[in-house]
Structures are given as C-alpha cells and as structure tokens.
Amino acid sequence: MSYQQLTAQSVLSYLQQQPEMTEFFTDFNQLEVREIGDGNLNFVYRIKDLSSNKSVILKQAVPYVRCIGESYPLSRHRMDFEIAALLNAKHHCPEHVPEIYHYSKDQSLVVMQDLGELAILRGEIIKGKVFPLFAEHISSYMANTLFRSSDLFLSSEDKKAQVKQFVNVSLCKLTEDFVFTNAYMDHETNEYNTALAQSAIDRVQKDPAVKIAVAQMRYKFMNNAQALLHGDLHIGSIMAGPEHTYVIDPEFAFYGPMGFDVGAVIGNLYMSYFSHAYESAISGEQSVAYRQWLLETIQAIWHSFASKFKTQWLAHEAQKQDGYWRFAGAEQALSQYIDGFINELFADTIGFAACKMMRRVLGLAKVADFADIPDLEQRAAIETNIIEHATQMIVNRHNYDSIEQLNLQATRILP
C-alpha cells in the first residue's frame, strides 16, 4: 500500500485493515478519533472506544516539517528511526516506554499505548507540580538505554550493525543546524525576544570562547557514536504522573555522544528553574521551594545516572570471560577507568545542556516555560539568566567537579 497521509476521517478505515487493531478494538462503530498533536513535526491522533474507554495513540510522520509547512521538506522515513528506537528502548527499559501495538514503515506511523492518564512533563513543571520519582525513573531510562547500546555492553559486530541502522541523516541535520549552528550567528531562522538586550545576544554569537566551545560540542555530536540516543530528550518528550514516567517521541534517535541525552534533560530543568522566578503559576515562598526542588532533581538525576551506569558496567565486566580485567589490583583499576569515563561524560553533559539552553533562547522553536510569558521584559530577564548560566557552563565545562557546583552557580545568578 502506497503512503497516504491520514486524516481524522481516514484513520478508522486504516485501522480496520490491521489485524492487531481488530483484536484491540471489537466495535469500530464505537470509536472516536481526535487529532491532538501540538508538536513541530507530526500528526497525532487519539482513537477511543466510547463504550469501553479503551484507547490508543496513532502518530504519523509527514514529508515536511509540520510547524513550517510543505515549503520545508523532511523525510517521513524519520518514523523508521522512531519505531526502531522505541522497540530498542522497550527491550532495555520496558517500565518507561509505552507499549507498541502496531507500526508501518510504508505508512510512516506507529500505534501505541495511550498515556492519557499522565501529562507532558513540561506543562506540569510550568504549573509547579512535584514528581518525587522522576529523577529515579529518568536516570534508570538513560543508564539502561545508553549503557546497553554502547561498546561497553554490545559486541563490536552488534554495535556497528546498530550504528548502521541508525544513520538518521535528516533529523541529525536539523539538530546540527538548530542546536549547534544557527542560534550562534545572525541567521534568518532565529527568533529573538524584542526586549532581550543585544549584549545578551552578542554573549552567545560573538564571544570567541563560546563560539569555540559550541563548535567543539557540534563536532562531538557529529562524530562520537557512543550509544543509541533518544536524540531529543527534553521535558516535552516525557510523560509523567505521581508513580510513572514514560519517554516518548524518539524520532531523532541516532548513535551519538551519551552526554547529549543527559544534557538535554538537565538543560531543560535549568531553564525551568530560571523561568519559575517570574510570572509563575506559583509565587513567593512556594516558588523558592519549587526552584529548590528543581535543583535537587537535577542533582539526583546526575548522581543516580552515574551510579546506575557504573553499577551496570561493573556487573557486566564481572560476567565476561576474557582476562582483560583479571590481574592483581584489577578491581581498583577498573573502578578508576570507569570514574574517568563518567567524568568525561559529565563534561559533555554540561556542554550539551548549555547548547540546548542557548538555542532555545535565540533559535527557532522556543519552550513554553518562558516563551508563553506575555510580559516581554520579564521574559527577557529569564532569557538573560539562562544565557549567563549556559555560557559559563559551556566555556568551563571541564572545570566543574560536581553537579552541586553547577547548582551553586545557578543560585548565584538567581538566588
């Protein structure tokens, strides 16, 4: 069947032809279809049985960037990568990835578990909601998916086969352009808050130290195929509730530097931290307490991730049959090697987090944390703080000894 872009009217006709879906839904006359997508790239539908309340989500890629239109072509086969990445992550971390009921590469779509009882994490954080288990959950997701898709876990043959499968040219090009390039120069795709001082823009676009550091991170992104990344792991790609956390939308998946995923989560939480000082859904002492929770969450994510990553590595080495780490003093030597690896990963995490932060302020595709604030002067104050934190982070990324130092820097910018 040749590719057809589905509509709310044609979704049911398509699903009725799929055996997996006729097993899931017993009466197609009772189904309701609603288009619920609010993202930049794809169309998303919720299909619900009105009698039983059973429901699924159908996501279809179209051959262009949805938020721009058909004037900006983009291969619909990005969905191939999302499907493969979902299945891979489901294998390694099933508790934090939705169920997959049906997928089609011909139609560039996937039908998956409806997580409607949960909410997009970004919106909940904007409202000032606390998620006590989030750090534990997301650190497990990252430690499992990153370690188990790397050379540290896979055979050389399996790893290289995976790298070949996930050569995601079109989506990587988007990241190269919008995360690492356009925002750092005068470019037609950039979007500036008119109240943001030129000095803040110049801090990103004309400071030689920042420019060099961003170029170094861009090169790492393009050339360091450490592990299979989600590729766009911001807090808008996470659904959460009091007891559950699910990662969605891995269409940017490819083999790259591990710190890019970890940095995306941490960078987004820092933007939330600065945003909550102005026009917040909560105010006063509540706002101070919530910002403190965000910093504690950042701290817990890094420490939990590093600990889980090291634990998996040590356990895996203990099971291996080769003799590389079998000598007097090997346990201490291996631990020292792992610690050095994680320290480098920490520096990468800081650098990539900073790029994510700067590009959201100056480049295309903002985040609602500050972009939805109507008072442009207040928004500019947030953006200036984000730029101050991010530029220090990227230039000094090798000089931080702990995540606590980064948090202390944030509190010095915004007490």
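Biologist: Which residues does Lys159 touch, not counting residues up to four places away in sequence?
Modeller: This is a predicted model, in which local features need pLDDT of at least 70 and side-chain atom pairs count only at pLDDT 80 or more, while totals for chains, interfaces and linings use all residues. Residues are numbered from 1 along each chain as its sequence is written, and side-chain values use heavy atoms, with hydrogens and water left out. With contact meaning heavy atoms within 4.5 Å, and with residues up to four places away in sequence set aside, Lys159 touches Ser149, Ser150, Asp151, Leu154, Ala225, Gln226 and Tyr255.

Biologist: Does Lys159 count as buried or exposed?
Modeller: Lys159 is found in helix H6, residues 156-165, where helices (H or I, at least four residues) and strands (E, at least two) are DSSP runs numbered from the N terminus. Buried means under 20% relative accessible area, exposed over 50%, and partly exposed in between, with a 1.4 Å probe and protein chains only. Lys159 has 5% relative accessibility, and therefore it counts as buried.

Biologist: What distance separates the C-alpha atoms of Lys159 and Met239?
Modeller: Along the chain, Lys159 and Met239 are 80 residues apart.

Biologist: How does the radius of gyration of the protein chain stand beside the globule rule?
Modeller: The protein chain has 15 helices and 12 strands. Its radius of gyration is 22 Å, close to what the rule gives for 415 residues, so the chain is as compact as a globular protein of that length. The radius is taken over C-alpha atoms, and the rule is 2.2 Å times the number of residues to the power 0.38; for this chain the rule gives 22 Å.

Biologist: What share of the residues of the protein chain count as buried?
Modeller: The C-alpha trace spans about 65 × 60 × 40 Å along its principal axes, and among contacts between residues at least 6 apart in sequence, 72% join residues at least 24 apart. Of the 415 residues, the share that count as buried is 56%.

Biologist: Which residues of H7 are buried?
Modeller: Helix H7, residues 169-178, is mostly covered, since seven of its 10 residues are buried. These buried residues pack against strand E5 (69-73), helix H3 (78-92), helix H9 (208-223), strand E12 (254-256), helix H10 (258-275) and helix H12 (330-362). The buried residues themselves are Leu171, Cys172, Leu174, Thr175, Glu176, Asp177 and Phe178.

Biologist: Which residue in the turn of the E6 and E7 hairpin has a positive phi?
Modeller: Strand E6 (residues 100-104) and strand E7 (residues 109-113) pair in the antiparallel sense over four bridges, where two strands pair if DSSP finds at least two bridges between them. Within this pairing, Val111 in E7 is the bridge partner of His102, and Ser104 stands opposite Leu109. The hairpin leaves four residues between the strands, and the one in the turn with a positive phi, of about 50°, is Ser108.

Biologist: What is the bridge partner of Lys59 in E7?
Modeller: E7 is mostly covered, with five of its five residues buried. Five bridges join strand E3 (residues 55-61) to E7, and the two run antiparallel. In E7, the bridge partner of Lys59 is Val110.

Biologist: In E11, which residue is the bridge partner of Ile238?
Modeller: Strand E10 (residues 238-240) and E11 pair in the antiparallel sense over three bridges. The partner of Ile238 in E11 is Val247.

Biologist: Where is the place of Asn53?
Modeller: Asn53 has a positive phi of about 70° although it is not a glycine. Its place is in the loop between strand E2 (42-49) and E3.

Biologist: How does Asp249 count by relative accessibility?
Modeller: Asp249 lies in the loop between E11 and E12, and its phi is near 60°, a positive value in a residue other than glycine. Because its relative accessibility is 25%, Asp249 counts as partly exposed.
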